[in-house]
Amino acid sequence: MVLLKNKSIEKRLKKLKIIFLDMDGTIYMGNDIFPWTIDFLKGLTAKNIRYVFLTNNSSRSADAYVNKLAKMGIEASIEDIYTSGDATIDYLKEHKVKKIFLMGTPSLEEAFVKAGFKLSDNNPDMIVMGYDKTLTYQKLNTAYHLIKHGVPWCATHPDMLCPTPTGFDIDLGAMMQALISATGVEPKVIGKPNAEMTGPLLNRLGVSSEYVAIMGDRLYTDIKTGLNGGLISILVLTGEATKEDVKTSEVAPHIMIDKNIDLLDFFS
Ligand SMILES: [Mg+2]
C-alpha cells in the first residue's frame with residue numbers, strides 16, 4: 001500500500017541520491033533482520049542510491065552498529081552510520097565549541113576526544129548530556145552547578161524511552177528531566193526529530209536536502225525529521241506506527257509503504 005502526497009515528490013524520488021534509514025523497526029526488529037532488507041539495500045545500490053543509517057542512540061559508537069549490522073549480514077562502514085552523538089559533535093564544531101563537560105558512556109567520550117574536544121568540568125564552553133548509561137550523582141550534580149553558573153547545555157536526543165527486546169529502558173529524555181527540574185533551564189536538543197540531526201550530515205555528504213529521503217517507523221521522530229529537514233519522508237509499517245496512527249497524526253509522511261523493499265517499486 002502506497003500513499004503519495006503529490007507529483008513533485010514522485011519527481012524528486014526519481015532523482016534520489018541518498019536515503020537516511022532508521023534501524024529498529026525499519027530494517028530489523030531487535031536482533032532480527034527483516035528477510036527482505038538485504039534485497040532492499042542491494043536494490044538501492046543498484047540504483048546508485050547511497051544509504052546512511054541514523055540512530056538517536058548516543059550510548060553506542062558507530063563501530064558497535066557496524067558490528068551489529070555485520071552480524072545480520074549487512075555490510076556497513078563507520079561512514080555509513082550517523083548517531084545523535086555524531087550530530088552533536090558536528091553541531092558543536094559548527095558553533096566553535098571546544099571544551100565541554102560531557103555526561104556520556106566511555107564510547108561517547110572517545111568519540112568526542114577523537115573529534116578534538118577537550119573534556120573538562122573546569123570552565124567548559126558547554127555541557128553535553130548523552131544517553132549516559134554510566135551516569136552518576138556526581139556527574140549530575142556537577143552539571144547542575146555549571147548550569148547554575150550560566151554554562152549552556154545540550155542533549156544529544158530527546159527520547160524518553162529506548163526500545164529493548166523485552167520492552168523499554170529509561171532514556172536520555174527522562175534522565176535530563178532531573179537537571180531541568182533542578183535548574184529551570186531547558187537544554188538545546190539535537191537528534192531526531194530536530195533538523196540538527198540531518199543538517200550537518202547533509203553538509204558532510206555535500207548534498208542538498210532536495211535529493212535526500214528519510215525512511216522510518218515512527219511518525220514523531222523519523223517522519224518529523226524529514227519534514228523539519230526538508231527531506232522526502234517515507235513511513236514503513238513494520239515498526240511502531242500503524243495506518244490508524246497516520247489517519248490521526250498531525251505529522252503526515254509523503255509516502256507510506258508496508259515494508260522497506262516496497263520503495264523499489266518507485267524506481268522500476
Ligand atoms: Mg525505529
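1. M160 sits in the loop between β9 (153-155) and β10 (161-164). With 45% relative accessibility, M160 counts as partly exposed. On this scale, buried is under 20% relative accessible area, exposed is over 50%, and partly exposed is in between (1.4 Å probe, protein chains only). Helices (H or I, at least four residues) and strands (E, at least two) are DSSP runs, numbered from the N terminus.

2. A word on the model before going further. This is a predicted model, where local features need pLDDT of at least 70 and side-chain atom pairs count only at pLDDT 80 or more, while totals for chains, interfaces and linings use all residues. Residues are numbered from 1 along each chain as its sequence is written, and side-chain values use heavy atoms, with hydrogens and water left out.

3. Now the metal. The magnesium ion has D22 (OD), D24 (O) and D217 (OD) as its protein donors, lying 2.1 to 2.2 Å from it. Donors here are N, O and S atoms within 2.8 Å of the metal (3.2 Å for Na, K and Ca); water is not among the atoms, so sites may look incomplete. Along the chain, the donors follow the spacing D-x1-D-x192-D. D22 lies in strand β1 and D217 in the loop between β13 and α10 (219-229), so this pair ties together parts that are 195 residues apart in sequence. Both D22 and D217 are buried.

4. Helix α10 is worth a look next. Its buried residues are L219, T221, D222, I223, T225, G226 and G229. What covers them includes β1, β13, β14 and α11. Just after α10, G230 takes a positive phi of about 75°.

5. What lies inside? The largest nonpolar core has 33 residues, and those with the most contacts inside it are I19, L21, F53, L69, M215, I234 and L263. Such a core is a set of buried Ala, Val, Leu, Ile, Met, Phe, Trp, Tyr and Cys residues joined through side-chain atoms within 4.5 Å. Elements that each supply at least two residues of this core include α1 (7-14), β1 (18-22), α2 (37-46) and β4 (50-55). The biggest giver is α3, with four residues. Apart from this core lies another, of 26 residues, among them I18, L54, L108 and C154. In soluble globular proteins, nonpolar side chains tend to be buried together.

6. Which residues does I19 touch? Leaving out residues up to four places away in sequence, I19 touches L44, I49, R50, Y51, V52, A213, M215, I234 and L263. Contact means heavy atoms within 4.5 Å.

7. Strand β5 (residues 81-83) holds I81, and T83 is also placed in strand β5. I81 is buried, with a relative accessible area of 3%; T83 is buried too, at 4%. I81 and V52 are 29 residues apart in sequence, but 5.7 Å apart in space, C-alpha to C-alpha. Not counting residues up to four places away in sequence, the contacts of I81 include V52, F53, Y65 and L69. With sequence neighbours within four places set aside, T83 is in contact with T55, N57, R60, A62 and M197.

8. Finally, the charges: how many salt bridges does the structure hold? There are 12, each a side-chain nitrogen of Lys or Arg within 4 Å of a carboxyl oxygen of Asp or Glu. K7 and E10 meet in one of them (3.3 Å, N to O); they are three residues apart in helix α1, so about one helical turn separates them. K7 is exposed at 63% relative accessible area, whereas E10 is partly exposed at 27%. Another joins E244 to K247, with the closest N and O atoms 3.1 Å apart. This pair, too, is three residues apart, in helix α11 (residues 243-248), about one helical turn. K247 is exposed, at 64%. Salt bridges that share partners also join D22, K192 and D222 into one network.
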